[in-house]
Amino acid sequence: MKVRQTRIYSNPLYKEFQIPKEPDLPKGTSKSVSKTFKLSLVIPTYNEKLNIHKIVRLLTNLLEPAIPGEYELIVVDDNSPDETWKVAQEITAEYPQLKVIRRQNERGLSSAVVRGWQASTGEILGVIDADLQHPPEVLLQLFNAVRQGTDLAVASRHITGGGVSNWSLPRRILSRGAQTLGLIILPQVIGRVTDPMSGYFLVRRSAIAAKTLHPLGYKILIEVLGRGDIQKIAEVGYVFQEREDGESKVTHKQYVEYLQHLIRLRLSRGKIGWLQQRFPLAQFLRFALVGLSGVFVDMAIFYLLSDPSTLHWGLTRSKIISAELAIANNFLWNDFWTFREISHHQKGWKKRFKRFLKFNVVCSVGLVLNVLLLNLLFNTLGINRYLANLLAIGLITFWNFWINLKLSWRSTDSE
Ligand code: GDD
Ligand code: MN
């Protein structure tokens, strides 16, 4: 009975985390293992004893008919206390495509994935969670996308056919908040896909081979997007499933590591992102002109509602209605004129209404920042109130423009 290679990789050589162009298997690896596969799929595990057999069986039943013997499954386990690595090693006899790596003194989802890719021999590399929250059937669509020429194929929760089962509102807000933070710090990386938090994707080996990767925390995809040579991207919608066994290992530590990861990628990419890209001046001028029209709309309606010679409504009620109508006016002009190249690709009233809601949120936050800035300039720095108001409007116009461009009218690179 052929015993599968179960190598214990703790080779310090890999500390710099490079994916070798050619598979770099340890000396003495048996001939059968050094075969080059079409697909190397890494399954990072920590305390997945109850899931590992299921996922390996599902993946084998899916891949064997499609690419018989042309794939490998690489479990990378971080010495799980529940001995997931042992269960995985025991089933290698049943699943000849399975390879198991047990890391003795390292921890971390992203570094586990890279470790598995280093030991792989596939021309397409991938990652899927062991806990069945990533539906395996999506894999073939991702695989076909890369086979047809894209460099990266991402399973996304945020496009048609995507979603999360029944996440709590706080978890949804946390996930979207993390994405928004990424869009502000690292727009030209995080903004390239609709679900940069995804942990389920395939990437062409040549797109990341010989790149020095510095994985950190949970988000391996932003490392690939940030350092890989990724030209063409495909996305496939999927619904993130409920976990049946075990529990998520996400703690606040992963969110801190995510922030560190963003900043490290930001610094490693040299110039500040918004300088790196040509600043969209024409769009900004259109946006500012639309903003000016909004001031007139706001003032006119504010007069009609609150002036003693007209309806003479209360100040606050009049201001809220006039501000909201001005926001609606600005949204329509921005959607049909300022950002028309982008909204042209995002047709349909549902998508337009979603942009309107995002625009509203950004402008409302902008209004709060405007008031705070006005108070700082007028009350603290003693600047003349009208000059202070003008400065505050100018600075917040930049804020509104940039965040709306990156969030409300965001265009990704995926096909
Ligand atoms: N080797 C190793 N080491 N594996 C780990 C570690 C670790 O330190 N931490 C977690 N894993 C494995 C888990 O065993 C599981 O297979 C997978 O990584 C995901 O871990 P979860 O703890 O279940 O993450 P999640 O469900 O909250 O989030 C996942 O899905 C999101 C959406 O795709 C992760 O993949 C996130 O990165 C992803 O954004
Ligand atoms: Mn999970």
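1. The second largest pocket of this predicted model holds about 1200 Å³ of space. Its lining is made up of 35 residues, and those nearest the centre of this pocket are Val295, Asp298, Leu367, Asn370 and Ile393.

2. Four helices, α11 (281–306), α12 (315–338), α14 and α15, each contribute at least two residues to the lining of the second largest pocket. The biggest share comes from α11, which gives 11 residues. Sorted by class, the lining of this pocket has 21 nonpolar residues, 11 polar and three charged.

3. The largest pocket comes to about 1500 Å³. It is lined by 40 residues, and His158, Arg176, Lys354, Lys358 and Arg410 lie nearest its centre.

4. Which elements each supply at least two residues of the lining of the largest pocket? They are β6 (163–164), α5 (169–185), α14 (349–380) and α15 (385–408). Helices α14 and α15 also each supply at least two residues to the lining of the second largest pocket.

5. Why does the largest pocket lie between domain 1 and domain 2? Its lining takes residues from both domain 1 (9–269) and domain 2 (281–407), so the pocket is placed between them.

6. On confidence, the chain has an average pLDDT of 87, and 90% of the residues score at least 70. Two stretches should be read separately. Over residues 1–16 pLDDT stays under 50, and the model has 34 contacts for them beyond four places in sequence. Residues 28–32 also stay under 50 in pLDDT, and for these the model has five contacts beyond four places in sequence.

7. There are 19 salt bridges in the structure. One of them joins the side chains of Lys249 and Glu48, at 2.7 Å from N to O. This pair links distant parts of the chain, 201 residues apart: Lys249 sits in the loop between β9 (239–240) and α9 (252–268), while Glu48 sits in the loop between β1 (37–45) and α1 (52–66).

Definitions and conventions: Residues are numbered from 1 along each chain as its sequence is written. Chains are lettered from A and ligands numbered from 1 in the order in which they are written. This is a predicted model: local features need pLDDT of at least 70, side-chain atom pairs count only at pLDDT 80 or more; totals for chains, interfaces and linings use all residues. Side-chain values use heavy atoms; hydrogens and water are left out. On a 1 Å grid over the protein atoms alone, a cavity is a set of points where a 1.4 Å probe fits but cannot get out, and a pocket is an open set with protein on both sides within 12 Å along at least five of seven lines; lining residues have an atom within 4 Å of a point. Grid points are joined across faces, edges and corners, and a volume is the space filled by probe spheres set on the points. Domain bounds come from an automatic or database domain assignment. Ala, Val, Leu, Ile, Met, Phe, Trp, Tyr, Cys and Pro count as nonpolar, Asp, Glu, Lys and Arg as charged, and the others, Gly among them, as polar. pLDDT is the predictor's confidence in each residue, from 0 to 100. Contact means heavy atoms within 4.5 Å. A salt bridge is a side-chain nitrogen of Lys or Arg within 4 Å of a carboxyl oxygen of Asp or Glu.
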